[in-house]
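Reader: I would like to go through this structure with you before planning any work. Could we take it one region at a time?

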Amino acid sequence: MKNFYKPGLRMSIIRLHLYLIKFLADILIFIISFIGKGDDNTNSDFSKGNSKTSSSRANKKSRILMLSGILFSKRAVKKKNDQQQEEQDSYGQYLSNKIYEHQLSLANREKGIKIAEDIKSKRGALRFSKGYFPYAQDLLCGFALLFIFSFLNFSSYAQAREATEPEALQVGDTVPQDLWELPIHVVNDNSKNVRLRDFRDKKIIILDFWATWCGPCINSLYKLDSLQPAFSKDVQFIPISNESAEKVKTFLDTRKIGLLSGHGNSDISKYFPYRSIPHQVWIVGEKIFATTDGINTTGENLGELISTGHVQLRNKVDNMSVDLQKPLLIGGNGGTAERLVYRSLFMKRIQADIGGISFDRGANNVLMYNVTLAMMLTRSFLYDLPLALRKENRIVFECSDSLMNTITARNLKRSSGNYQDDVAYHNWMDSNLYCYNLILNRKIPQRDALEIMKSDLKNFLLLEKGIEVKLEKRVTRTYVLQKMDSYKNLTTAGGRSSLEASNGEIFLINNYMSALVSSVSNALDRKGDPYPVTDETGIKHKIDLRLAISRIENIDQLNGALKRYGLELVLKDIPMEMIVLKEKNYN
């Protein structure tokens with residue numbers, strides 16, 4: 001701190017500070033005296049009715065005048081000038097230190113206020129005389145002025161911030177003076193800058209925000225370039241691009257477009273935010289008349305507006321409420337679900353202990369919720385593999401065990417009811433169960449809806465799990481339903497097609513053999529039998545079949561019932577269509 005001021009300049013700076021403080025303090029005392037007089041005049045009637053209050057005010061005024069006389073009398077000034085060099089150096093150093101400390105605290109107004117309050121609390125100890133502290137009054141005034149300067153500086157900073165963020169203008173708004181004065185940097189004018197005020201004598205000013213890469217903008221520029229000479233008396237077109245001067249100038253020169261064009265004017269675009277270009281702003285007189293996309297800028301519309309002062313234009317709609325960085329329709333972003341015409345999505349498990357499939361023939365809404373990816377796969381291949389519905393035994397896994405475990409629940413330990421033991425079970429479901437939803441604006445055949453789902457699922461598994469999905473023939477151990485030598489011709493007596501189980505028997509009535517095979521396949525799957533079932537009987541017509549068995553427990557039991565009709569299930573290794581999941585090697 002001792003070397004804050006250079007020795008040769010120290011006393012000169014101190015004197016300058018003293019003179020400045022005295023001058024400003026004179027103004028401060030004058031203001032205080034003026035306010036005191038104003039208070040006396042305003043409250044004169046009340047003072048007449050209350051002598052005690054009037055006496056108190058007179059005493060207060062006399063103290064103010066006495067203080068001003070003490071502070072700024074010639075005698076006090078003389079005493080200061082007569083101080084010894086040592087005392088002046090000491091005070092100068094002290095004042096310098098205080099000013100420096102306060103400069104450090106300007107960035108925080110609260111510190112300045114705290115210092116002022118501290119001085120106020122100790123004012124009883126300060127005596128404006130030589131015996132106690134001869135320069136206390138100057139120090140107090142100095143801090144008061146510094147506080148005022150910091151407040152003014154803060155206000156100026158706030159105003160500067162507001163000035164850099166203009167409010168967006170809407171149709172019907174008056175053009176503010178700041179916009180009239182705002183420089184527009186142009187590429188094809190010797191002055192380099194123009195202002196809207198330069199064209200205030202025109203009836204119409206049209207700002208055209210454009211870019212060199214925008215096809216519709218280029219077409220619009222050619223049109224404006226041809227209209228400018230025809231309407232030069234009443235209309236001024238000002239194209240504005242946010243691109244560099246060199247790029248804009250080269251582009252205009254190459255295409256021989258002579259319009260006065262701005263570049264890099266991001267400041268002016270703050271008054272007219274937009275999402276798409278071309279974006280044209282019509283200024284008529286002192287107001288924003290319209291914002292269009294360029295199609296409305298025709299000779300006919302310009303002529304009608306000039307002659308009548310009115311023309312009907314369609315204002316361009318830039319939906320500024322849409323956040324293009326977020327999914328549409330989520331939280332009302334872009335509208336509500338009523339505007340939805342087509343959607344397919346995957347999402348993680350719904351946080352609820354439910355799960356299932358909502359799928360009807362001719363549906364326009366396919367919903368699968370809280371199911372495994374394996375179940376989604378077999379459902380989507382329903383028409384390719386008719387007997388593969390919910391059958392993981394029609395899937396070949398050529399991927400790691402960890403990937404297989406995320407697709408199926410094959411190795412999942414089921415819930416036991418014990419909270420601690422079930423934590424892993426519920427964590428697995430949260431991580432590996434999914435929902436799929438397909439929404440269309442009209443009903444389509446089930447087969448077509450499944451084709452869309454299959455395509456979505458293939459893309460999802462490739463992107464999310466790194467797995468390719470293919471349908472291939474593979475030699476697989478399979479239960480084959482076939483005819484025996486004792487086969488009898490099966491026919492039907494007609495009636496409603498059905499597959500019923502009652503009174504300890506299974507009835508296939510006027511139905512295809514595939515219905516029986518599907519029923520058998522489901523029964524074996526529930527028993528944990530790992531092999532798929534296929535039909536090689538060659539029976540294509542509808543039949544009636546009655547099995548004296550209500551509950552299929554094993555193959556031998558089932559074959560005992562089928563033998564009556566000359567049919568049997570045989571375990572064979574045969575080529576079958578299978579869903580093959582192959583891990584993608586991105587390297």
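Author: Serine 498 is buried, since its relative accessible area is 9%. Please bear in mind that this is a predicted model.

Reader: Which element is serine 498 found in?

Author: Serine 498 belongs to strand 14, which covers residues 498-502.

Reader: And what does serine 498 touch, leaving out residues up to four places away in sequence?

Author: With those set aside, serine 498 touches Phe507, Leu508, Ile509 and Asn511.

Reader: How many residues of strand 15 are buried?

Author: Six of the seven residues of strand 15 are buried, and the strand is mostly covered.

Reader: Let us turn to the cysteines. How many disulfides does the structure hold?

Author: The structure holds one disulfide. Cysteine 214 is joined to cysteine 217, with an S to S distance of 2.5 Å.

Reader: Is that disulfide of cysteine 214 and cysteine 217 right-handed or left-handed, and why?

Author: The disulfide is right-handed, because the torsion about the S-S bond of cysteine 214 and cysteine 217 is about 75°.

Reader: Are cysteine 214 and cysteine 217 buried or exposed?

Author: Both cysteine 214 and cysteine 217 are buried.

Reader: What about cysteine 399 and cysteine 435? Buried or exposed?

Author: Cysteine 399 is buried, with a relative accessible area of 16%. Cysteine 435 is also buried, and its relative accessible area is 3%. The cut-off applied to both is under 20% relative accessible area.

Reader: How does helix 13 cross helix 16?

Author: The axes of helix 13 (residues 373-380) and helix 16 (residues 446-465) cross at roughly 145° and come within 9 Å. Their crossing is left-handed.

Reader: Which residues meet in that contact of helix 13 with helix 16?

Author: Helix 13 contributes Leu373, Met376, Leu377, Arg379 and Ser380. On the helix 16 side they meet Leu450, Met453, Lys454, Leu457, Phe460, Leu461 and Lys465. The residues of this contact between helix 13 and helix 16 divide into eight nonpolar, one polar and three charged.

Reader: And the sheet with mixed pairing, what is its order?

Author: Four strands form that open sheet in the order 11-18-13-16, and the pairing is mixed. Strand 11 (395-398) and strand 16 (533-535) stand at its edges with a single partner strand each, so one side of each has no neighbour in the sheet. The twist there averages 35° from one strand to the next.

Reader: In what sense do strand 11 and strand 18 pair?

Author: Strand 11 and strand 18 (residues 567-583) pair in the parallel sense over four bridges. Valine 396 has valine 580 as its bridge partner in strand 18. Helix 18 (residues 555-562) packs on this sheet, where it touches strand 13 (467-483) and strand 18, and its direction makes about 125° with that of strand 18.

Reader: One last item. Where is proline 183?

Author: Proline 183 is in the loop between helix 8 (177-181) and strand 1 (184-185). This proline 183 is partly exposed, with a relative accessible area of 29%.

Reader: What does proline 183 touch, again not counting residues up to four places away in sequence?

Author: On that basis, proline 183 touches Asn193, Val194, Arg195 and Asn265.

How values were computed: Residues numbered from 1 in each chain as written. Predicted model: local features only at pLDDT ≥ 70, side-chain atom pairs only at ≥ 80, totals over all residues. Heavy atoms only, no water. Disulfide = S-S within 2.5 Å. Buried < 20%, exposed > 50% of the residue type's maximum accessible area, 1.4 Å probe, protein only. Axes fitted to C-alpha atoms, helices over the stretch in contact; angles between N-to-C directions. Helix = DSSP H or I, 4+ residues; strand = E, 2+ residues; numbered from the N terminus. Left-handed = near helix turned anticlockwise from the far one by under 90°. Contact = heavy atoms within 4.5 Å. Nonpolar A, V, L, I, M, F, W, Y, C, P; charged D, E, K, R; others polar. Pairing = 2+ DSSP bridges.
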